[in-house]
Each structure stands twice: as C-alpha cells, then as structure tokens.
Amino acid sequence: MPDAVSAAPPSPADHCVLVAGRRLLTPFPRRADLAELPDDVAWVPLGALDGVRVWAAGLPERIDTLGRWRGWPSVAASLGEPLAALAGRALQIVTWRHSHRFCGACATELVDVPGEHARRCPGCDLYVPMQLSPAVLTAIRRGDEILLVKHTYGPTELWALVAGFVEAGESLEETVHREVGEEVGLTVSNLRYFGSQPWAMSGPGVVLTGFLATAAPGAEPVVDGKELAEARWFPLNDLPDALPPTYSISRWLIDAAVAESAR
Ligand SMILES: [Zn+2]
C-alpha cells in the first residue's frame, strides 16, 4: 500500500478522513464535499475502502460547517470496522506529522520522504521514520477467575487489564513479567501471545499486544497505588458490567479468557 504524502491530490469521489486536534470529521466526506478547504492541505494516502481511495489530512482547527467532529472512541464504537481502523490510522499519522515538524538535531523544518511515512532533514540529512510504541496487555487467570484492575489514569471507572509500555531493550514477554510484577506484585506463568491492535487513543504509533497468563492458586495482587487504584479477582462467569469497549483488544482478551475457562 503506498503510504506517504502524495503529489497527486485526491479525486473528487475519494473518501477523506479529516483530523483537527484529537477529533475526526464524521461521516467521512468525499473530496468533492470539501470545496472550502485550503489548497495547501497535505493529503496522506491511507488505503482504500471498497475500491475507493481514502486520504487523511490534518487541519489546524475544526471547521464546524463541515459536519460533526468526534473523538476516536466514539467513532470506533459507532462505525465499527473497517472505518474504525481507518480513523485510528488517520489520527495516528496526522498526530505524528504534527509533532514531528522540525529536526531534533538541528531544528531545520523536516520534509516528507516520497513513498514513506518518514521525514528527512534538508539541513543535516537526519532520517525520521514514524516510530511505533509497543505496549502489552495481560489477561491473568487464576483457575476460573480473571484479574481485573482499575487504573488511576484514563477511563478510571472501567475494570481493565494490567498494561504497560515496552521499555528499551525489553522483549514483549519481559515487559509482561515486569509490568505484572510492578503493578500487582504477581508472578505469572504459561504466557501465551493472543494478538495485537493499533491503538489511536494513547498517542501516535501505539501498538497494543495482548497476552494470556496464569497465576498460581492462592496468589493475591498487591496494587502499587501509583498506576493502579484497585485489583481484584473476578469469577469468569460473573464479570462486572464496566468492562473495556467491545472494539478494544482488552475486551477481546477478557472474552478469550471467558471462552477458555468455559471449555
Ligand atoms: Zn537536521
């Protein structure tokens, strides 16, 4: 899939995903519906939807006359796939471009590298690719129970999973063991990779990876009080209502643990 700023502008029938701040314009308009946009908008190809090309662009501010501007969780919850993934991808790429305008070494304004999601410094030739930030989520089972936690940040009302960013020099598995140890003081075994999801909510380039793991019988969590407010074992057949949304890998992991225990 070609992926970079294109010299050729979108065709009138192409779909456009517009981003302003952390908001997306919905429903996604066609280019022909956006006559009032300035000519200097940088269009980034996102792929195709039913054979029609899709483009992303960032605007310096919302233009309210164009339609309704919504956050990604609302878009993901209501539109579903594949629109949710396109919206998330647009948000991540536009946010990255906005926060990588100047060279970190010599402060010259960066230019786009044709055909790539990358920029280059015309001053010192520094190459600046769009870097990804992997993070891990772990669904920990103890027999027919699952460990759910409440975070002190983000959506604090939800019962979620132990999670954390991969640090330099770590494997994903090492991150799981470190985060589980730091956040809830547990040792886990039987670590199994489940899947992954690009996640537009936590900043540009975040890729969530999910794992299933097992804690020893009788093991009890001890919350760190910094990142977590609470951690509790729940029977897999009697989970709380306030779970992560159905479009999130957190929820897919919880559902997988439920299915696993029902077998
Ligand atoms: Zn430079």
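In this tour, two residues are in contact when they have heavy atoms within 4.5 Å of each other. Keep that in mind as you click along.

**Before you start**

You are looking at a predicted model, in which local features need pLDDT of at least 70 and side-chain atom pairs count only at pLDDT 80 or more, while totals for chains, interfaces and linings use all residues. Residues are numbered from 1 along each chain as its sequence is written, and side-chain values use heavy atoms, with hydrogens and water left out.

**Stop 1: the whole chain**

Show the chain as a cartoon. It has four helices and 14 strands; these are DSSP runs, numbered from the N terminus (helices are H or I, at least four residues; strands are E, at least two). Along its principal axes, the C-alpha trace spans about 65 × 40 × 30 Å. Of the 263 residues, 47% count as buried. Here buried means under 20% relative accessible area, exposed means over 50%, and partly exposed is in between, using a 1.4 Å probe and protein chains only. Among contacts between residues at least 6 apart in sequence, 61% join residues at least 24 apart.

**Stop 2**

Select residues 15–20, which are strand 1, and residues 52–58, which are strand 4: five bridges join them, and they run parallel. Two strands pair if DSSP finds at least two bridges between them.

Now widen the view. Five strands form an open sheet here, in the order 3-4-1-2-5, with mixed pairing. Strand 3 (44–49) and strand 5 (68–71) stand at the edges with a single partner strand each, so one side of each is left without a neighbour in the sheet. Neighbouring strands are turned by 30 degrees against each other on average, direction ignored.

Next, select helix 1, residues 72–79. This helix packs on the sheet and touches strand 2 (23–26) and strand 5, its direction making about 95 degrees with that of strand 5. Helix 2 also packs on the sheet, touching strand 1, strand 2, strand 3 and strand 4, and its direction makes about 175 degrees with that of strand 3. For such angles, axes are lines fitted to C-alpha atoms (for helices, over the stretch in contact), and values run from 0 to 180 degrees between N-to-C directions.

**Stop 3: helix 2 and the three-stranded sheet**

Select helix 2, residues 83–99, and follow it to another sheet: the helix lies across strand 6, strand 7 and strand 8, running at about 15 degrees to strand 7. Those three strands form an open, antiparallel sheet in the order 6-7-8. Its edge strands are strand 6 (111–112) and strand 8 (127–129), each pairing on one side only. Three bridges join strand 7 (residues 118–120) to strand 8, and A118 stands opposite P129.

**Stop 4: the zinc ion**

Which atoms coordinate the zinc ion? Show the side chains of C103, C106, C121 and C124: their SG atoms do so, at 2.3 to 2.4 Å. Donors are N, O and S atoms within 2.8 Å of the metal (3.2 Å for Na, K and Ca); water is not among the atoms, so sites may look incomplete. Along the chain, the donors follow the spacing C-x2-C-x14-C-x2-C. C103 lies in the loop between helix 2 and strand 6, and C124 in the loop between strand 7 and strand 8, so the pair ties together parts that are 21 residues apart in sequence. C103 is buried, at 4% relative accessible area, whereas C124 is partly exposed, at 38%.

**Stop 5: strand 9**

Select residues 133–142, which are strand 9. Eight of its ten residues are buried, so this strand is largely enclosed by the rest of the structure. Strand 9 pairs with strand 13 (residues 206–215) in the parallel sense over nine bridges, and A139 stands opposite L212 there. Four bridges join strand 9 to strand 11 (residues 162–165), running antiparallel; V136 stands opposite G164. Strand 9 and strand 10 form a hairpin with two residues between them, and G143 in the turn has a positive phi of about 60 degrees.

**Last stop: T138**

Is T138 buried or exposed? T138, in strand 9, counts as buried at 1% relative accessibility. Not counting residues up to four places away in sequence, T138 touches L161, V162, V176, V180, F211 and A213.
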